[in-house]
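Look at the picture before you go on.

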Amino acid sequence: MKWRPSRSSAWFRAARTTRGRVGLLLVGLVAAIALLGPLLTPDSPTALLGVPFARPGSGHLLGLEYVGRDTLARVLDGGIRILPLAAIATAAGVGLGAFFGISAGYRGGAYDEIVMRTLDVLLAVPQIILALLLVSLAGASPLLVGTAVVLIHAPQVARVARAATLRAAREDFVKYSQALSDPPLRIMLTDVLPNVSGPLLVESALRLTYSIGIIASLNFLGLGTRPPFPDWGAMINENRIGIGQNPWPVVVPVALVAVLTIGASLYADALSRATAGIELGAEGVLVAPVDEGGRDA
Amino acid sequence: MPDGLAVQVTDLVVEISATGTPVVSGVSLQLAVGQVLGLVGESGCGKTTLALALLGYARRGLRIRSGSVAIGGTDLLSLRGHELERLRGRLVSYVPQDPASALNPGRRVGIQLRETLTVHHSGLSAPEVRARLLGALADVGLARQESLLRRFPHQLSGGQQQRIAIAMALVNRPALIVMDEPTTGLDVTTQAHVLDTIREICRTQNAAVVYVSHDLAVVSSLANNVAVMYAGRMAESGPSAVVLRRPSHPYVTGLIRAVPDAAARHRLTGIPGQAPEPAARPSGCAFAPRCSLAIDICRTVDPPPVAVADGHLSWCHRAGQARVTSQDEADAASAAQPEADGPEPLLLVSNLNAWYGGTPVLAGVSIRIERGRCLAVVGESGSGKTTLARAIAGLHREHDGTVMLDGQPLGRSAPQRTDRQRRAVQYIFQNPYGSLNPRRTIRRILEQPLRHLPPGGQRDPLTRALDRVSLPATVLDRYPHQLSGGQRQRVAIARALILEPELLICDEVTSALDVSVQAVIMRLLDDLRQQGLSMLFVTHNLGLVPSIAQDVVVMASGQVVESGQAPAVLARPSSPETAALLAALPRLEAEGAAGRP
């Protein structure tokens, strides 16, 4: 117990557990493919090279896809259009949701009602309709796709954050800060936020997966990435019909998204355990060898 | 197994499955039919682990490695899976600490009780089931209260819930009932009723009871035999009248000196240090590092049981050499006692009414606290004592009436008070596990109030505050979960002291702590009072009053029913409520303990 914990230590502690290590490894793997992939493509991802759904072989490791382009090239080139957008949109959605959820849960009263009912309205609109509404207002673009994802995530994250906040705000250390008359914003940032970050982190990992799904469907409708450029979401949709002839154009993007999800969930789980102190001893409590008796000794 | 024995445990070892570290090592005990064995020890000593092993069960992460548990001639540990499940509840049953979490909140208690019976006796006819259920209700002192069965758990009082839980344990007529601190969450008067029920059951049902508790007074009033555990081993066992009167193990002696008693005015003595974690238990006698009598052999050789008298065993190399002294009483007599009736009290509360969302909780409460004195506010849960404390602290704004500090009126809630007033009144919460933000280091926790100090204050306030509560500066970089309960409560007290308060409000501050740690905290608080701090000490335990308070008010149903100087009130209670609280208080009838006659 020599090390001095610092603000960032939970991230490192999480990375030191098996769970966290495996999670980071999986996320890193997918991220590397997405970011470095465009530099490594064997063929042009947009060139027509043969018959649609040709099986692997003859220089095409994963065969060809629905119009006869190289699957491997499109997989390597397709991550960059979806991963950064998904990550940024998830972070923004979780941040916005956490802000509204925590402030509504902590302040309560009319503010709580107004915020949560407004978010309920947003929640009631089907996701695709919401996105189409935005398109009709502003025209199709990746920025718009990102905005739609943020608006889809925020209400749901807000609900999770609010529930966790209601629990945390009942704790005595919050009452202590209130008795000192600390400003509410400070109490929310220092007392509430660190103690609701566990459920928020787990939620973020799940939300990252949903983001990829949503971006993929919007791309499928032609609202994001424009053909002929590839992305993993669109590939899954485009190539469904040929899955009997050449499964790889569907299987590989699906596997990459799944691996990313599993990795992100594992790391988020390790992180929430590290912050909750669960991984410390059988009883969950690590008692430090400090003398109890003091002057009575 | 000899006749008349209900339970025989031999050489039981329970270990952490991942590391093989023993949590309970080599424990043997036996219990005759119709007897109560009190299993005593402080948190982390392995008593609950041992109790669960009596059901052939080990908590997640633990494993029963060896030994045998024979109940009514059946070796429980030789059974597996389904066979074991069939016997649990029929041969041996369990009453958990918290009945509210043991009963399913969504089902009527009658259905839950009937299920417990029919899962083991599927052949019973409806009238037979009914007769057994009513019989079980009668056994737990709820005769002719059949209507209770149609209620949901939340519609019952805590005492009723615990009796239903005991009835569930009883309904299959097991040979052994294991009770894990079943009265810890109850009021003293309710506790007295439940204890009566348990005595009655042992007498009439021929069931043996293992009663796990940290409360020596409760055990002494209930158990025929007592087994005291320390760090996973037996420390001392024997007839409770003998062990608790003439303990021969220094640990047991220390525990007895830490038990508060309403009848004796003395300062409580704690045991220095803390019990070791399973992985950090020393070689030799595990108690040696905290023992004032330890000699070389204690640190190297595991002590064998020494027969002090017939049936009285002590696992100590120096058995019988620890004596309970009366030194502490002299200590108390010399303690400074400032005079009451000063010209102006520090705190004057008059005609305070408080309510929760329209429901009145306090009606016309008036109290005064003189400088340098401690006022104890005593009452059962629901009497309004915590609401009173919170109203004074500015944490409960729904109140009216006047609260004057130093002649100045205090605002109803914290933001309505001046900085100086907020500093002057500091509040220590009941549960040190909830009052410290688990995500901040002790340093950051103690730095939080610094912002509210006027500029140009003391130098090095953190170390000074830690010093006043006898904590080393090394705790500064730890997180709350890395400290023991007693250490956390000291941190909470240190956090209050940083603001140099005039009035410290202590709300049941020791109720979450072990009795030996409680004694240490009580001494600390009394030392602070002698340094000039005034105190409002809220407690449900009248036994704590003599060791801290000069004045006392007793509350019931939101009103003050009695007030006066503590010794007078405790010796000659004038209200029936005080008398009832005193009568229900379990007493440790220990000869010569801390100088008590």
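Q: Do strands E15 and E20 of chain B run parallel or antiparallel?
A: This is a predicted model. Strand E15 covers residues 374-378 of chain B, and strand E20 covers residues 534-539. Five bridges join the two. Their direction is parallel.

Q: Which residue in E20(B) does B:Val377 stand opposite?
A: Strands of a sheet pair through backbone hydrogen bonds. Here B:Val377 faces a residue of E20(B). That residue is B:Val538.

Q: Which strands are the edge strands of the open sheet of six strands in chain B?
A: The sheet has mixed pairing, and its order is E18-E19-E20-E15-E21-E22. An edge strand pairs on one side only. In chain B these are E18 (425-428) and E22.

Q: What does the twist average from one strand to the next in this sheet?
A: The twist is an average taken from each strand to the next. Its value is 15°.

Q: Which residue of E22(B) is the bridge partner of B:Asp551?
A: Strands E21 (551-556) and E22 (559-565) of chain B run antiparallel, joined by six bridges. They form a hairpin with two residues between them. In the turn, B:Ser557 has a positive phi of about 45°. The partner of B:Asp551 is B:Gln565.

Q: Why is chain B as compact as a globular protein of its length?
A: Chain B comes to 21 helices and 22 strands. For its 597 residues the globule rule gives 25 Å. Chain B is as compact as a globular protein of that length because its radius of gyration is close to that, at 25 Å.

Methods: Residues are numbered from 1 along each chain as its sequence is written. Chains are lettered from A and ligands numbered from 1 in the order in which they are written. This is a predicted model: local features need pLDDT of at least 70, side-chain atom pairs count only at pLDDT 80 or more; totals for chains, interfaces and linings use all residues. Two strands pair if DSSP finds at least two bridges between them. Helices (H or I, at least four residues) and strands (E, at least two) are DSSP runs, numbered from the N terminus. Axes are lines fitted to C-alpha atoms, for helices over the stretch in contact, and angles run from 0 to 180 degrees between N-to-C directions. The radius of gyration is taken over C-alpha atoms; the globule rule is 2.2 Å times the number of residues to the power 0.38.
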